[in-house]
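Hello,

Here is the structure I promised to pass on to you. Have a look at it first, and my notes follow below.

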Amino acid sequence: MTGLTDLNRLERDAFRKFYEDGLFDVFMGLMLATMALGAVLSDWLGGEAAGMAGMLGLAFILVVGLLSLRRRLLLSRLGTFQPGPERRRKISATRLALIGSVVVGFVVAAAAAAAYGPGIPVSSFEILMPLVWFLNAVVVMGAMAYFLDVPRFLLLGLVFGLAMPLLVWPDVMWGIRLSPLVAFGAPAAVIVGVGLIKLRRFLREYPPLAREGGQADGRR
Amino acid sequence: MASPAVDRLVHEPARLAIMTNLFVVDSANATYLQQQTGLTWGNLGSHLTRLEEAGYATVSKGFRGRQPETTISLTAKGRAALVEYRQRLLAALSGIGD
């Protein structure tokens, strides 16, 4: 039972529990795996556009499926709450960081597309783009770790950020060409593995509580 | 023994746990409070009734999908009571450790 200790810590610990299920980690790992599959899908489906459509379709299924699963898991085990003003401010800051990440991603992708256009020689983008990918992942996940009080997300960002450098840099520097399935798949496997371990612990530590309508004694 | 000046409604450990947990959020459902405090449904219900009767908390019943859901929040009076409880407790214990 909780006493009147440090209210900030009480709120932080309660909020942090909602990310102990590991499903966010699984989601991020599967997103990386989806990107790896995107390259394979392009070959299977016979074109970049079809591959991209297949990748977006998979990502959509992932988002909907994992959100629905997460909702079911958390509702029966941890319940729900409306955060206070300070937490709402932190959640807004996290959203801004995520939006910023998407904007940076689009700008870099557009710049890279322009640099790789016909007739333009291979440029320093091969070094810079993976670096921007890495820094983007670390900064955004670092912001999430800080604002949501879940330090693990910074490590997640570091591993997530390794994917693009693993794909591009060995080829540029040493002529070692890794398949996207390896370059994206290896970090994805690590992240999904951690997520599944967290999920297993979460299910053991937080069993479902009796539903409100199910109790015999009634509340009032 | 507690100081007579301390609000005994707040001072009871289970209600203190409920109130501190509600103090840091806008509102929460009963499952959240049960998980956070470790109270059984029956205990939680009886303490919520006491808090509601004192005007310290509002309890509203509704549905999430097809499932019944009870949402609880501290009132301004309840928040003030907890702040005052803390001040009085600190004042009552101020001599300890000097």
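A helix here is a DSSP run of H or I with at least four residues, and helices are numbered from the N terminus. Please keep in mind that this is a predicted model.

V64(A) sits in helix α3 of chain A, which covers residues 48-77. Together with F60(A), I61(A), V63(A) and L67(A), V64(A) makes a nonpolar surface patch of about 490 Å². Is V64(A) buried, exposed or partly exposed? Its relative accessible area is 43%, so V64(A) counts as partly exposed, because that class lies between the 20% limit for buried and the 50% limit for exposed.

Now to the inside. The largest nonpolar core has 66 residues, and those touching the most other members are M28(A), F153(A), V10(B), I18(B), Y32(B), L33(B) and I72(B). Helix α2 of chain A (residues 23-45) gives the most to this core, with 8 residues.

L33(B) lies in helix α3 of chain B, residues 30-37, and is buried, at 0% relative accessibility. Leaving aside residues up to four places away in sequence, L33(B) touches I18(B), N21(B), L22(B), G38(B), L44(B), L48(B) and I72(B).

Best wishes

Definitions and conventions. Residues are numbered from 1 along each chain as its sequence is written. Chains are lettered from A and ligands numbered from 1 in the order in which they are written. This is a predicted model: local features need pLDDT of at least 70, side-chain atom pairs count only at pLDDT 80 or more; totals for chains, interfaces and linings use all residues. Side-chain values use heavy atoms; hydrogens and water are left out. Patches are made of residues with over 30% relative accessible area and no salt bridge: like charges are joined within 9 Å, nonpolar side chains (Val, Leu, Ile, Met, Phe, Trp, Tyr) within 5 Å. Accessible areas come from the Shrake-Rupley method with a 1.4 Å probe; for residues, only the protein chains shown count as cover. A salt bridge is a side-chain nitrogen of Lys or Arg within 4 Å of a carboxyl oxygen of Asp or Glu. Helices (H or I, at least four residues) and strands (E, at least two) are DSSP runs, numbered from the N terminus. Buried means under 20% relative accessible area, exposed over 50%, partly exposed in between (1.4 Å probe, protein chains only). A nonpolar core is a set of buried Ala, Val, Leu, Ile, Met, Phe, Trp, Tyr and Cys residues joined through side-chain atoms within 4.5 Å. Contact means heavy atoms within 4.5 Å.
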